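Dear colleague,

I am handing over the structure we spoke about, and it is shown just below. My notes on what was found in it follow, and I would be glad if you read them with the structure open beside you.

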Amino acid sequence: MSKQLTIILATSLALLEQFQGALSPSATASTAEDRSKNANANANALGLLSASSAALKAQVTKLSLLAINSPFTHSAVTGVLRACNDSVLPSLVTAALLVTPAEYTKAFHSEVLLLVRTTLTEFTTLVQQVKGIAEKKDQAKKDDPKKKEEELSKSEKEAATLAAGRVWDACDTVTEVATKGVVGFVMRRVEEWRDLVKDAVDEIEDWDPEEDDDGFFDDLMGGDKADEADEADDDDEEGDDEENAALQEEKKSTLRFLKPVMQVYPAIVTNRLKKAGDAPLSSTGGIAKLETLMLNLQSIPEQVDEVAGALYEGNASKSAKYLKKIQKCASQAVETVTPPWDSAGGAEGETPAEDKFTVWSRTWFKVMDEVSKSIDAESST
Ligand SMILES: *[C@@H]1O[C@H](CO)[C@@H](O)[C@H](O)[C@H]1NC(C)=O
Ligand SMILES: *[C@@H]1O[C@H](CO)[C@@H](O)[C@H](O)[C@H]1NC(C)=O
């Protein structure tokens, strides 16, 4: 193998390892704070991120073609690896490190680090394959210097192409996340949580307390046992009816409560995220607001699951407890983004700006007060 190629392969692999270490959560935690003070320098972190991931993708295309085609040209492969080592990889890693939690939210920061680390891992795999190919060709030449260089086998070519494809995918994901930006990322998460809440509410809607009664156990026990159980049931049918009516009522008031909670998600997506652009990043406390928003909207799906569990157990006080938590989270989320982004932190004495969402939020709070009356009664007993 040419000396240069040997050196650049070793350097690239060492650099990749070092960069992956630099992007690990423990490594970035301590440096994040210092960097966050340097706001202007970071303004174009996402631009650099998408440009450098696109550049890596282009280099990877070249590298994989050079690796699978004969003759294997050491100088060309060295050139591509050198470009990666000298500029493409350092830019990518620098960009990732500029996406600080303070300026882009903790969740977005972690997402970017994870995606870039994945990209580096996939690229490492490709470089190792290239190294393997180089070593194999070297050995063949040593064994028989006069023999013409052989083509790689189909499976060797496929392996290299597959590895390159995986780096491309990783690069595309980085580019996409960088292009959509932090608000796009938050919006995607909020939509995921909205779907989880909807699934949980659908499940409650489908639940029939009567059917649930002993049916589950009857099914488990099979025919004979089930008949006996039915006979036993007949004795306290009246008690069952009463219980069923109470459970139906529980179910109804729970759903009445959860309906406005569900509406919070699309209302915030449409009015506060979809057309927000970079406003949250430039407005005072915008990032802190996004953090609060995510924290609250993320915790609601789990709590709705708890409510469902409590309903099935017939534990009304437990259900009320979680509904109150849901109300608190949903209210905080709505409150956080009630002022339009551009009016946030408006001068003292100024009346806060109004828009469709601020009006909507007032109605929403009234509705929540109304639907939570029965819950309040329950949770105070
Ligand atoms: C790799 O890049 C670094 C700078 O990023 C440079 O110092 C080093 O000499 C390069 N290595 C090779 C083999 O080109
Ligand atoms: C209802 O749930 C609570 C936990 O929130 C638990 O402490 C209590 O024992 C449960 N009650 C019944 C009747 O299972």
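This is a predicted model: local features need pLDDT of at least 70, side-chain atom pairs count only at pLDDT 80 or more; totals for chains, interfaces and linings use all residues.

Sorted by class, the lining of the largest pocket holds 11 charged residues, together with 5 nonpolar residues and 1 polar residue.

Turning to the ligand, the residues found around ligand 1 are Ile7, Ile8, Thr11, Arg82, Asn85 and Asp86. In the side chain of Asn85, an N or O atom is 2.3 Å from an oxygen atom of ligand 1, while for the side chain of Asp86 the corresponding distance, again from an N or O atom to an oxygen atom of the ligand, is 3.1 Å. When ligand 1 is taken alone it exposes 360 Å², and the protein buries 50% of that area. The elements that give two or more residues to the shell around ligand 1 are α1 (3-22) and α5 (74-98). By class, this shell is made up of 2 nonpolar, 2 polar and 2 charged residues.

With best regards

Note on methods:
Residues are numbered from 1 along each chain as its sequence is written. Chains are lettered from A and ligands numbered from 1 in the order in which they are written. Side-chain values use heavy atoms; hydrogens and water are left out. Ala, Val, Leu, Ile, Met, Phe, Trp, Tyr, Cys and Pro count as nonpolar, Asp, Glu, Lys and Arg as charged, and the others, Gly among them, as polar. A residue is near a molecule or strand if one of its heavy atoms lies within 4 Å of it. A polar contact is a pair of N or O atoms within 3.5 Å; within protein, one must be able to donate a hydrogen and the other to accept it, and residues adjacent in sequence count only if both atoms are side-chain atoms. Accessible areas come from the Shrake-Rupley method with a 1.4 Å probe; for residues, only the protein chains shown count as cover. Helices (H or I, at least four residues) and strands (E, at least two) are DSSP runs, numbered from the N terminus.
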